[in-house]
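Thanks for coming. I have one model to go through today, and I will give the cut-offs as the terms come up. Please have the viewer open.

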Amino acid sequence: MTIMIPAWVDGTLTPVEKLEAHQKGLRHKAVSVFVLDGDAVLMQQRALSKYHTPGLWTNTCCTHPAWDEAPLDCAIRRLNEEIGVTGLSPQHRHHLEYRADVGGGLTEHEVVDVYVAETSADLSITENPDEVMAVEWMRFGELQKRVAEEPKRFTPWLKIYLRDHGATIFGDLAAATVS
């Protein structure tokens with residue numbers, strides 16, 4: 001199945017095949033979601049079958065919107081498709097841009113709408129094995145510690161989010177863990 005995502009080609013937003021966007025390092029739209037229970041963040045370990053960054057830990061879910069899909073609709077869709085979660089109300093938290101090498105000659109150059117959804121740890125989760133290997137609730141301070149101690153176990157974009165955008169995405173949670 002060919003997935004077309006919104007990417008900029010010669011300054012014009014154009015539908016581009018997802019893999020091609022990553023091979024060429026094209027600037028493209030993306031959505032990331034963090035599900036929180038107080039100071040705990042629901043993290044996922046990417047499936048080993050993913051074509052880039054397999055087996056790495058990352059935010060609750062992330063993806064590229066379809067060509068004609070609104071970012072919030074995309075966030076809600078991917079929560080269900082990746083981890084089987086429905087009924088949450090993600091709130092837009094940040095709009096950011098980053099560029100990162102994700103291995104295998106592929107580049108993520110994303111313009112990202114970041115969403116946060118509050119819930120409780122008893123949330124019903126059903127991982128899609130094509131997308132997710134495992135999920136884990138991590139306290140925010142513990143997440144920061146683990147990323148610092150074992151950065152190769154985490155996706156490049158997660159490290160960028162925490163380093164450059166943590167206060168905006170996580171607000172008081174990030175401020176409380178700064179020493």
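Now the ground rules. This is a predicted model, in which local features need pLDDT of at least 70 and side-chain atom pairs count only at pLDDT 80 or more, while totals for chains, interfaces and linings use all residues. Residues are numbered from 1 along each chain as its sequence is written, and side-chain values use heavy atoms, with hydrogens and water left out.

On confidence: pLDDT is the predictor's confidence in each residue, from 0 to 100. The protein chain averages 94, and 97% of the residues score at least 70. Helices (H or I, at least four residues) and strands (E, at least two) are DSSP runs, numbered from the N terminus. Where pLDDT is low, the predicted coordinates should not be read in detail.

Next, backbone angles. Which residues other than glycine have a positive phi? D10 has a phi near 50 degrees, and T53 also has a phi near 50 degrees. D10 is in the loop between strand 1 (4-9) and strand 2 (12-17). T53 is in the loop between strand 4 (40-46) and strand 5 (57-58). D10 counts as exposed because its relative accessibility is 80%. T53, on the other hand, is buried because its relative accessible area is 7%.

Now the pocket. The search runs on a 1 Å grid over the protein atoms alone: a cavity is a set of points where a 1.4 Å probe fits but cannot get out, and a pocket is an open set with protein on both sides within 12 Å along at least five of seven lines; lining residues have an atom within 4 Å of a point. Grid points are joined across faces, edges and corners, and a volume is the space filled by probe spheres set on the points. The largest pocket comes out at about 430 Å³. It has 29 lining residues, and K18, C62, T63, H64 and R78 are the closest to its centre.

Which element gives the most to that lining? Helix 2 does, with four residues. The elements that supply at least two lining residues each include helix 1 (18-24), strand 3 (27-37), strand 6 (61-63), helix 2 (71-83), strand 8 (106-118) and helix 4 (156-170). By class, the lining has 13 nonpolar, six polar and ten charged residues. Here Ala, Val, Leu, Ile, Met, Phe, Trp, Tyr, Cys and Pro count as nonpolar, Asp, Glu, Lys and Arg as charged, and the others, Gly among them, as polar.

C62 is buried because its relative accessible area is 15%. Its C-alpha is 13 Å from that of A117, at a sequence separation of 55 residues.

On to the rings. Rings of Phe, Tyr and Trp (its six-membered ring) pair if their centres lie within 6.5 Å; planes under 30 degrees apart count as stacked, over 60 as edge-to-face and the rest as tilted. There are four aromatic pairs in the structure. Y98 and Y161 make an edge-to-face pair, because their planes are at 90 degrees, with ring centres 6.1 Å apart. The pair links distant parts of the chain, with Y98 in strand 7 (residues 91-103) and Y161 in helix 4, 63 residues apart. Both Y98 and Y161 are buried.

F140 and F170 form a tilted pair, 4.6 Å centre to centre with 50 degrees between the planes. F140 is in helix 3 (residues 140-149) and F170 in helix 4, 30 residues apart. F140 and F170 are both buried. Ring pairs join F34, Y98, F140, Y161 and F170 into a cluster.

There is also a charge over a ring, meaning NZ of Lys or CZ of Arg within 6 Å of the ring centre and within 35 degrees of the ring normal. The charged end of R27 sits over the ring of W8, 4.4 Å from its centre.

Last, R93, which lies in strand 7. R93 is partly exposed because its relative accessible area is 31%. R93 and V114 are 21 residues apart in sequence, and their C-alpha atoms are 5.6 Å apart in space.

Technical notes. Buried means under 20% relative accessible area, exposed over 50%, partly exposed in between (1.4 Å probe, protein chains only).
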